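Colleague: I have some questions about how the pieces of this model are named and counted. Could we go through them together?

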Amino acid sequence: MDFLRPGSWEEALAAKAEHPTAVPIAGGTDVMVEINFDHRRPEYLLDLNRIGDLYAWEVGEDSVRLGASVPYTKIMEHLRAELPGLALASHTVASPQIRNRGGVGGNLGTASPAGDAHPALLAAGAEVEAESVRGSRRIPIDDFYTGVKRNALAADELIRAVHIKKADGPQQFSKVGTRNAMVIAVCAFGLALHPSSRTVRTGIGSAAPTPVRARTAEEFLNAALEEGGFWDNGKIITPSVAKEFAQLCAAACNPIDDVRGTADYRRHAVGIMARRTLTWTWESYRGTAAHTEGVA
Amino acid sequence: MAGTNAPLGTPTKVTQGSQTKGGIGESTLRPDGTLKVTGEFAYSSDMWHEDMLWGQILRAPVAHAEIVSIDTSEALAQAGVYAVMTYDDLPTDVRHYGLEFPDTPVLAHGRVRHHGEPVAIVAADHPETARRAAAKIKVEYRELPVITDELTATAPNAPLIHEDRTDHYAGHVEHPNILHRQPIIRGDVEEARHRADFIVTGEYTFGMQDQAFLGPESGLAVPAEDGGVDLYIATQWLHADLRQIAPVLGLPEEKVRMTLSGVGGAFGGREDLSMQIHACLLALRTGKPVKIVYNRFESFFGHVHRHPAKLFYEHGATKDGKLTHLKARIVLDGGAYASTSAAVVGNAASLGAGPYVIDNVDIEALALYTNNPPCGAMRGFGAVQACFAYEAQMDKLADKVGMDRVEFRRLNAMEQGTIMPTGQPVDSPAPVAELLRRVKAMPLPPERQWESSEGADVRQLPGGLSNTTHGEGVVRGVGYAVGIKNVGFSEGFDDYSTARVRMEVVGGEPVVTVHTAMAEVGQGGVTVHAQIARTELGVTQVTIQPADTQVGSAGSTSASRQTYVTGGAVKNACELVRERVLEIGRRKFGTYHPAWATAELLLEGGKVVTDAGEVLADLADVLEDEAVEVEEEWRHRPTEPFDRHTGQGFGHVQYSFAAHRAVVEVDTELGLVKVIELACAQDVGKALNPLSVVGQIQGGTTQGLGMAVMEEILVDPKTAKVRNPSFTDYLIPTILDTPTMPVDVLELADAHAPYGLRGAGEAPTLSSTPAVLAAIRKATGLELNRTPVRPEHLTGT
């Protein structure tokens with residue numbers, strides 16, 4: 001195995017172009033596990049740790065440009081107001097040591113359905129800034145996950161940053177694991193209210209071959225909220241609406257039985273989380289439209 | 001032999017001074033505590049030797065198969081590879097080993113019987129080279145049908161896991177795939193059943209738990225000039241290893257010199273051999289030191305696990321709540337090789353009735369041979385599985401009788417003088433009712449602790465930081481359980497220990513050296529031996545020598561026995577040293593003071609004193625240049641085997657009791673559990689080191705909690721392959737899963753034991769699991785007949 005150590009972003013792109021099979025490594029919290037378990041012996045490792053730019057973030061007018069290697073700890077500490085859903089998801093990532101190393105770029109690169117950041121990114125709305133020697137492009141998060149541990153990146157592309165919409169309303173994230181900390185998701189759910197567009201977005205993790213949105217559930221809820229004038233009157237969401245939304249979220253799952261849980265349980269749990277996170281975000285919205293932070 | 005040529009990272013002697021007296025009953029601190037917390041302690045995996053090679057084991061990828069052929073040529077041809085060995089390369093005719101009888105091949109011969117069985121070993125100059133070479137060994141397997149449970153094991157024409165058995169159980173079992181069976185029969189169950197006003201039955205399932213010690217199996221074998229080998233190893237019993245290793249190597253035991261290296265936990269998982277023989281074989285073959293370190297994945301295949309079990313229980317009671325009878329059947333899955341399964345059967349059977357007075361008992365326990373992973377010793381050893389079942393039964397029966405669950409248990413609790421189902425009288429304190437009273441009397445933690453002015457503190461809720469509930473669906477439950485565990489090796493085993501104690505004057509001060517072969521695996525013998533020496537010999541400075549085979553056997557660090565047995569041996573050796581010192585004193589100074597002849601003399605504060613406190617002489621003056629050294633074996637009172645048909649017999653040395661109260665909060669919609677508090681009351685006879693005792697109780701309690709809500713090795717019933725050999729998917733409790741654990745320690749002396757002490761390490765592991773399950777049942781109203789309980793069991797999905 002060759003270890004490539006580019007000193008700059010341009011060198012990294014050149015190396016990736018020259019060795020398309022090279023596996024990028026930053027925090028190493030996914031890649032090193034695969035290597036240590038002998039699941040994977042890549043020909044080349046492409047070390048991105050010398051590229052300082054990847055550890056920086058910028059808060060813009062509408063979105064946050066989050067460098068691919070910004071560790072979860074920094075998101076929790078500095079971006080709770082702008083990215084509340086992702087901050088909550090970051091809290092649930094493994095252990096403090098791993099949160100100090102791992103970042104969203106790695107989650108996206110691995111594209112495991114169990115990655116904790118995905119439901120929050122799907123719910124908030126995001127674009128992945130991918131670059132190669134051929135140029136740069138932005139991939140909408142909805143188009144990014146293409147299969148189990150597969151994504152829309154070309155062989156010569158690297159993830160430079162993620163552009164995540166700043167929260168314009170309350171966001172929540174829930175994850176089920178069979179331990180109260182440091183656990184891989186059995187399933188997870190992200191929800192974001194977008195009062196400015198009067199829409200709701202969702203993200204489901206570990207309950208389908210890829211992270212997915214519960215689109216039918218979103219459409220149902222958007223219509224129900226509009227119809228009842230909820231965005232304006234700030235009423236409590238009708239229990240039947242919340243129930244229907246939860247059922248549609250569960251129906252959006254396409255889970256499997258595995259060592260971490262059964263398909264039936266995953267479907268069931270996503271429904272419960274959908275109902276609860278809707279209640280929490282809506283209560284928060286009703287309380288104060290400016291209050292966007294989740295509770296954790 | 002930790003001499004001047006010892007490899008880096010091997011233990012050195014530890015000298016413990018003490019500002020205070022530092023004798024028994026004080027909470028002296030572990031000398032390795034700070035090192036372990038700061039990451040500086042040298043574990044067996046940290047050892048290093050110049051020119052050393054790395055060993056690698058090739059393991060079977062299937063659970064049951066005939067080995068058609070093995071081709072090692074490509075592996076041998078790889079640069080950097082020094083040796084590749086298979087069964088055919090073993091140096092002598094002794095090619096099997098085993099703790100109780102040798103049914104385990106050193107390397108697979110013609111057939112593999114479980115997933116991960118060692119097939120070949122490689123030595124190379126780099127661990128990665130060794131790994132790649134092992135991957136180049138070509139093994140052709142022809143898969144065989146797998147045996148995974150009682151039905152498949154005893155079916156007509158079932159393949160035999162071991163053909164031509166010659167072990168001493170083979171003649172007594174109904175089927176060769178039954179390893180051992182032990183009935184316990186007392187009274188008349190049929191007659192008692194007619195007198196019962198209430199009868200409850202239950203079928204319980206206990207999952208396969210792993211010891212999950214943090215330091216994976218590792219060791220270093222160094223070939224010696226005399227043709228022997230020095231083995232530095234993390235184990236639980238050096239001399240039992242030695243007895244199994246030497247014959248396979250074709251060496252006399254004195255040429256296999258073993259030294260304990262830094263042990264990262266054991267819990268029973270280091271009783272059986274792992275890489276010991278493999279490292280020695282490779283070292284002797286290559287003439288170079290060989291180090292082997294398992295990674296976590298391999299560790300899950302490298303040691304035995306706790307027996308999974310099916311338990312069928314029937315209890316009866318009269319309408320005033322007195323137990324009438326028990327009929328029970330306990331089926332333990334021993335996996336492919338025997339390990340300690342037979343002794344686990346003996347424990348499950350003889351302790352299967354729990355700490356209760358039941359005059360009419362019909363229990364049978366048995367262990368199966370299957371193609372599942374081999375199972376053997378783990379903290380609680382057979383008593384754990386039974387406790388899970390009988391405590392569930394007690395709750396059911398109490399409800400049926402209409403009594404409070406704790407009061408029902410107290411009404412039927414055994415006490416000193418109770419006759420066990422084995423006919424053995426309980427001849428020391430058995431404060432079962434009192435322990436239950438104490439845990440029940442403790443104040444309950446306040447309700448809804450997660451609520452604060454700033455919203456819900458999710459860390460206090462089921463799901464924790466995963467943020468699954470802010471109080472929705474959360475219901476509290478409280479449950480109780482109590483258990484009984486034997487202490488020491490049972491059923492007639494000669495369970496002795498050896499201690500060498502030396503006293504001499506160094507720099508004008510009397511100092512004591514204690515040398516035993518006791519494996520310090522975290523239980524705290526390292527402080528206890530020094531404390532005993534200080535108490536008995538009145539010195540401040542005590543040096544504990546590294547454990548090795550240059551001194552006699554200390555027996556196993558298991559069965560809650562080391563403080564009792566090796567502690568007893570150290571006490572005994574100290575007493576003999578004291579007698580010798582006093583003899584010297586009498587010889588030198590006896591004419592100066594009549595008390596030398598008439599008073600009871602003690603050693604205190606470096607002096608010889610009378611029991612009235614009068615100083616007769618300084619130890620420095622008594623000993624001068626002389627050193628007094630004693631090495632002596634010490635035994636607890638003997639036991640006897642259980643009768644093969646009735647299970648009657650004086651089988652156990654001592655019993656140990658603990659009771660728990662669990663307070664849990666369950667998210668009933670998501671099936672997630674937060675254990676809020678696990679209170680424990682335990683009788684330890686005498687707490688030699690109270691801080692260590694509390695640590696043992698909290699550790700055992702936590703291990704039981706893990707078994708209740710998360711810890712399970714999942715084996716595919718179709719292939720008998722392990723599905724979750726990693727800490728990603730074999731979950732153990734984190735600190736956020738670990739509740740407050742108030743501990744109430746009783747000290748009711750056992751007159752038979754040194755200082756009255758009672759082995760303490762295992763009892764809390766028994767009752768913790770059923771207490772948590774009882775609390776979850778209370779919260780959910782579900783029956784929950786299996787452990788660990790998973791979210792899908794609580795949500796019906």
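Predicted model: local features only at pLDDT ≥ 70, side-chain atom pairs only at ≥ 80, totals over all residues.

Colleague: What makes strand 32 of chain B and strand 33 of chain B a pair, and how do they run?

Modeller: Pairing takes at least two bridges. Four bridges join strand 32 of chain B to strand 33 of chain B, so the two strands count as paired. Their course is parallel. Across from Gln682(B) you find Val745(B), which belongs to strand 33 of chain B.

Colleague: Why is strand 33 of chain B called an edge strand?

Modeller: The sheet is open and has four strands of chain B in the order 23-31-32-33, with mixed pairing. Strand 33 (743-746) pairs on one side only, and so does strand 23 (474-487) of chain B. Between neighbouring strands of this sheet the average turn is 20°, direction ignored.

Colleague: Which helix lies across strand 31, strand 32 and strand 33 of chain B?

Modeller: That is helix 17 of chain B, residues 690-709, and its direction is at about 140° to strand 32 of chain B.

Colleague: How do you know which residues of chain B are in contact with chain A?

Modeller: The test is whether C-beta atoms, placed from the backbone, lie within 7 Å. By that test 33 residues of chain B are in contact with 31 residues of chain A. Strand 22 (455-456), strand 32 (672-683) and helix 19 (791-795) of chain B each give two or more residues to this side. Helix 19 of chain B gives the most, with three residues. By class, the side of chain B that touches chain A holds 11 nonpolar, 14 polar and eight charged residues.

Terms used
Residues numbered from 1 in each chain as written. Chains lettered and ligands numbered in written order. Contact = placed C-beta atoms within 7 Å. Nonpolar A, V, L, I, M, F, W, Y, C, P; charged D, E, K, R; others polar. Axes fitted to C-alpha atoms, helices over the stretch in contact; angles between N-to-C directions.
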